[in-house]
Amino acid sequence: MRNSFHEDLDKISEQLVEMTRLAGSAMSRATTALLDADLSLAESVIAADEQIDALRRDLDDRSIDLLARQQPVATDLRMVVTAMRMSSDLERMGDLARHVAKVARLRYPDSAIPPVMRSTVLEMGQVAERIVAKAGSVIAGKDIDSAFALERDDDEMDRLHRDIFNMLMDGKWTYGTEAAVDATLVSRYYERFADHAVSVARRVVYL
């Protein structure tokens, strides 16, 4: 019975890692769609979000089944409950990638990102990919040192988020209100994406 329980826990961990992979891929493609005004790529990101949602549903169902059948206590109970919370964070990260793609779709055939911000948004996308990949490694390896190091990437994302707002507040801004709203939303999506990755890492530390 205990062997079956731990096999199920391993399966849950694998599903969490797969969710990080899917969220990272989604944000990478959403960033490209946003910067290149690629409608088909944006549509593919929006459609693919269902894969992450389905994984979360399956993981949560598996976790609830474990709780019902095995009635775990102490550390085992914390592992199952924490896994469900991590799946919620990762599902939300997929949603945020979808939101970026929706902005790209909304402004097609134009790019929603003015030239002055392109390099910053590109860097935000790169940091997002890096941080979710590290979150997957933290889950897979229970690597506490990497979990703490991941917060430095979040600091970098926060800096880029501030850079976007500094550009918006600059008296030289000439791209209008619509572009300012798009930039504000997109920057927030990236910043929240990183925050959820940090939350996942902190839950591993908690365990």
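1. H99 sits in helix α3 (residues 74-107). Helices here are DSSP runs of H or I with at least four residues, strands are E runs of at least two, and both are numbered from the N terminus. H99 is buried, at 17% relative accessible area. Buried means under 20%, exposed over 50%, and partly exposed in between, with a 1.4 Å probe and protein chains only. Leaving out residues up to four places away in sequence, H99 touches R92 and Y189. A contact means heavy atoms within 4.5 Å.

2. Basis of the values. This is a predicted model: local features need pLDDT of at least 70, side-chain atom pairs count only at pLDDT 80 or more, and totals for chains, interfaces and linings use all residues. Residues are numbered from 1 along each chain as its sequence is written, and side-chain values use heavy atoms, with hydrogens and water left out.

3. Overall fold. The protein has six helices and zero strands. Along the sequence the pattern reads α-α-α-α-α-α. The radius of gyration is 19 Å, close to the 17 Å that the globule rule gives for 207 residues, so the protein is as compact as a globular protein of that length. That radius is taken over C-alpha atoms, and the rule is 2.2 Å times the number of residues to the power 0.38. The C-alpha atoms fill a box of roughly 65 × 35 × 20 Å along the principal axes.

4. Packing and surface. Of the 207 residues, 49% are buried. Take the contacts between residues at least 6 apart in sequence: 85% of them join residues at least 24 apart. The accessible surface comes to about 10,000 Å², and 51% of that belongs to carbon and sulfur atoms. Areas come from the Shrake-Rupley method with a 1.4 Å probe.

5. Charge. There are 27 positive and 36 negative side chains, and the centres of the two sets lie 2 Å apart. Lys and Arg count as positive, Asp and Glu as negative; His and the chain ends are not counted. Each charge is placed at NZ of Lys, CZ of Arg, CG of Asp or CD of Glu.

6. R203 belongs to helix α6 (residues 176-206). R203 is partly exposed, at 23% relative accessibility. Beyond four places in sequence, R203 touches T82, R85, M86 and D89. From R203 to S137 the C-alpha distance is 13 Å, across 66 residues of sequence.

7. The structure holds one aromatic pair. The ring centres of W173 and Y175 are 5.0 Å apart and the planes are at 65°, so the pair is edge-to-face. Rings of Phe, Tyr and Trp (its six-membered ring) pair if their centres lie within 6.5 Å; planes under 30 degrees apart are stacked, over 60 edge-to-face, and the rest tilted. W173 is buried at 18%; Y175 is partly exposed at 38%. P114 lies in the loop between α3 and α4 (118-141) and is buried at 6%.

8. Backbone points to check. Most residues other than glycine have a negative phi, and most peptide bonds are trans. Y108 and P109 are joined by a cis peptide bond, with omega about 10°. P109 is in the loop between α3 and α4. A37 has a positive phi of about 50°, lies in the loop between α1 (2-36) and α2 (39-70), and is buried at 14%. K142 has a positive phi near 50°, lies in the loop between α4 and α5 (144-169), and is partly exposed at 45%.
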